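Here's a quick tour of one structure, taken a piece at a time. Have the model open as you read.

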Amino acid sequence: MLVRNHGCAFRVEVWFSSDIISALLRPRDVTRDAANSAQTKRLAGESEQVKVRIESKAPTRIDLAGGTLDIWPLYLFHEGALTVNCAITRYASCVIEVGPKKSRRIVLASRDTNRKESFPSLEALCRAQPHKLPLLAELVRVFRPTMGFTLTTDSEAPAGAGIGGSSAMAVAICAALDRLTNAGLRREDWIHISRDVEAVVIRVPTGTQDHYPPAFGGAAAIILSAGGERRETLGCDLDELERRLVLCYTGKPRQSGINNWEVFKRHIDGDRRVAQNLEKISAVAKQVRAALERNAWSEVGRLVREEWEFRRRNLRTISTPVIDRIISSARRQGALGGKVCGAGGGGCLTLVIEPDARARVEGAVTAAGGTLLPLRIDRHGVQVRSDVES
């Protein structure tokens with residue numbers, strides 16, 4: 001039955017976890033479906049005169065501590081593991097447009113990468129390999145819309161920035177496709193679908209921490225334990241945290257899958273140095289959470305600096321001369337601490353500062369070769385809206 005329902009059975013059975021398949025197949029809420037029935041019929045193409053536009057956007061994130069530990073099963077070897085992150089106002093967006101005719105054609109387009117591909121039907125999309133836009137195509141496979149449409153994405157995250165741009169994009173697409181198909185899934189379902197589809201696309205294990213900020217916004221600890229993860233909102237002052245963050249792009253895209261995969265393999269293969277570093281990172285992440293909840297900003301800065309020192313020891317390729325130069329220059333001008341976003345090797349880095357040092361730190365970052373990326377903390381997570389015109 002699973003094979004018949006999901007068409008591309010081999011990928012579904014191998015890559016998508018049982019909780020996701022159950023979520024996609026669970027009985028739907030009758031009241032909700034009745035309320036949405038008119039729109040659902042229109043989306044299914046039962047009216048020749050209907051035009052539908054669905055828009056979604058999801059924030060990217062800054063990770064402050066505990067990254068890499070969210071990759072299963074690494075956190076199982078570090079009791080009490082967690083990651084700490086916050087959503088930021090650099091967005092990934094998705095627009096789905098359904099035309100007035102009963103077409104089955106599916107068009108996928110990415111504005112920021114300037115790529116596009118089209119298929120005469122869903123079946124043709126499932127058969128096609130390889131895809132120019134594999135993340136988009138794999139997500140369409142999961143939701144299996146019955147009508148034709150154009151799906152266009154855009155991103156405010158620089159290429160390879162390390163701020164969870166692909167994860168935010170996947171969550172935004174899930175939200176839009178959920179609305180298109182009336183799937184009725186929860187945000188947690190979008191998180192797990194996004195995680196599994198990213199694993200299909202990059203062909204290495206993926207973590208989960210990148211998907212929670214796009215889905216929920218705010219600042220949170222992602223608690224990693226046997227049986228799964230859970231999100232706990234941090235009780236820190238978000239306005240004050242916002243005033244103390246500087247984000248910059250180093251100008252070199254990183255390859256997070258490669259760095260994370262290498263750390264993952266070394267840990268699983270018994271590399272004691274990597275295991276010890278991750279244990280120390282796990283301990284620091286707990287302290288970062290506690291310091292944030294006390295609004296102890298100087299301590300947060302010190303701990304972020306400490307976490308980075310342990311992280312950069314995992315692999316020689318996690319830091320670069322540019323990253324080292326930017327962080328050291330910023331520290332000389334009053335930054336409390338700094339670290340690379342994501343798996344490192346390039347992309348973005350985050351600095352924790354005192355507000356009165358911002359101008360000096362930002363000047364040092366620019367002089368050292370970094371590009372400043374203004375931000376605020378997103379409080380809402382993914383947002384989706386739809387318009388139906390008759």
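## The cavity

Helices here are DSSP runs of H or I with at least four residues, numbered from the N terminus. Keep in mind that this is a predicted model.

Rolling a probe the size of a water molecule over the atoms shows where empty space is left. Here, that turns up one cavity of 30 Å³ or more, and the largest cavity holds about 50 Å³ of space.

## Helix 13

Which residues of helix 13 are buried? They are Trp 297, Val 300, Gly 301, Leu 303, Val 304, Glu 307, Trp 308, Phe 310 and Arg 311. The cover over them includes strand 1 (51-65), helix 10 (238-243), helix 12 (272-293), helix 14 (321-332), strand 9 (337-340) and strand 10 (348-352).

## Strand 1

Strand 1 is itself mostly covered, with eleven of its 15 residues buried. It pairs antiparallel with strand 12 (residues 383-389) over seven bridges, and Glu 55 sits opposite Arg 385 there.

Strand 2 (residues 82-98) also runs antiparallel to strand 1, joined by 13 bridges. In that pairing, Arg 61 stands opposite Ala 87.

Key:
Residues numbered from 1 in each chain as written. Predicted model: local features only at pLDDT ≥ 70, side-chain atom pairs only at ≥ 80, totals over all residues. Heavy atoms only, no water. 1 Å grid on protein atoms, 1.4 Å probe; cavity = no way out; pocket = protein on both sides within 12 Å on 5 of 7 lines; lining within 4 Å. Points joined across faces, edges and corners; volume = space filled by probe spheres on them. Buried < 20%, exposed > 50% of the residue type's maximum accessible area, 1.4 Å probe, protein only. Helix = DSSP H or I, 4+ residues; strand = E, 2+ residues; numbered from the N terminus. Contact = heavy atoms within 4.5 Å. Pairing = 2+ DSSP bridges.
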